[in-house]
Amino acid sequence: MSDHLTVVKHPLIQHKLTLMRDEATSTNHFRQLLREISQLLAYEVTRDLPMEEKRIKTPMQEMDAPVLAGRKLALVSILRAGNGLLDGVLELIPSARVGFVGLYRDEETLQPVQYYFKVPETLEDRLVIAVDPMLATGNSSAAAIDLLKQAGARNIRFMCLLAAPEGVARMKEAHPDVPVITAALDEKLNEKGYIIPGLGDAGDRMFGTK
Ligand code: URA
């Protein structure tokens, strides 16, 4: 994957994203849509995974059939909203190892504060897919990627639902080696660091906390 930013404009993704943006959409439906979009995005994020051949026997004859090669993936959820993307991807790739990075955003400084970090061992040899629905200022995403690199990760992709131009620029500056895959690139951030037009607070909408 060579481009720094990929916007996946598949009609199914765009349709479901519009439903998610609509403030009338219920918490339950929001979560379901996020899960569905996460699987469609995962299709794109994993499209160039290396394959190898395995000898199998169909009911008709033997054949060399393609299977995923090499070490398994690691999925890393940036808490708490990342969990909404994680569940769907994990359903598609059940053997992936899973990590969590807990960061919250200080509402005044908009800077990330770490409160949890637990990731699989041997990140060095894995493709690490970090997931967080909203790439807003990019501060917490860049900080999460810093932590993953400190833990040994060398091959990282960042998957999100919505990105703001400011967040994309921040990630490109801090981590030019980490491709960003998103369902949409929105217009801007507001003064509180929310994405406009966006969908509001992804965590609150997903968990019904507001
Ligand atoms: N986090 C959110 O949940 N929404 C935004 O718009 C920005 C950051």
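Trainee: Which pocket is the space taken by the ligand?

Mentor: Keep in mind that this is a predicted model. The ligand takes up the space of the largest pocket.

Trainee: What is 2.7 Å from an oxygen atom of the ligand at Ile195?

Mentor: At Ile195 a backbone N or O atom lies at that distance, 2.7 Å, from a ligand oxygen atom. A polar backbone atom of Ala202 is likewise 2.7 Å from an oxygen atom of the ligand. For Gly200, a polar backbone atom is 2.8 Å from a nitrogen atom of the ligand.

Trainee: How much of the accessible area of the ligand does the protein cover?

Mentor: On its own the ligand has 240 Å² of accessible area, and the protein covers 88% of that.

Trainee: Now the rings. How is a pair of aromatic rings described?

Mentor: Two values are used for a pair of aromatic rings: the distance of the centres and the angle of the planes. This structure holds one aromatic pair. Its members are Tyr104 and Tyr115, with 6.2 Å centre to centre and 35 degrees between the planes, and the pair is tilted.

Trainee: Which parts does the pair tie together?

Mentor: Tyr104 belongs to strand 5 (residues 97-105) and Tyr115 to strand 6 (residues 112-118), so the pair ties together parts 11 residues apart in sequence.

How values were computed: Residues are numbered from 1 along each chain as its sequence is written. This is a predicted model: local features need pLDDT of at least 70, side-chain atom pairs count only at pLDDT 80 or more; totals for chains, interfaces and linings use all residues. Side-chain values use heavy atoms; hydrogens and water are left out. A polar contact is a pair of N or O atoms within 3.5 Å; within protein, one must be able to donate a hydrogen and the other to accept it, and residues adjacent in sequence count only if both atoms are side-chain atoms. Accessible areas come from the Shrake-Rupley method with a 1.4 Å probe; for residues, only the protein chains shown count as cover. On a 1 Å grid over the protein atoms alone, a cavity is a set of points where a 1.4 Å probe fits but cannot get out, and a pocket is an open set with protein on both sides within 12 Å along at least five of seven lines; lining residues have an atom within 4 Å of a point. A molecule sits in a cavity or pocket if more than half of its atoms lie within 2 Å of its grid points. Rings of Phe, Tyr and Trp (its six-membered ring) pair if their centres lie within 6.5 Å; planes under 30 degrees apart count as stacked, over 60 as edge-to-face and the rest as tilted. Helices (H or I, at least four residues) and strands (E, at least two) are DSSP runs, numbered from the N terminus.
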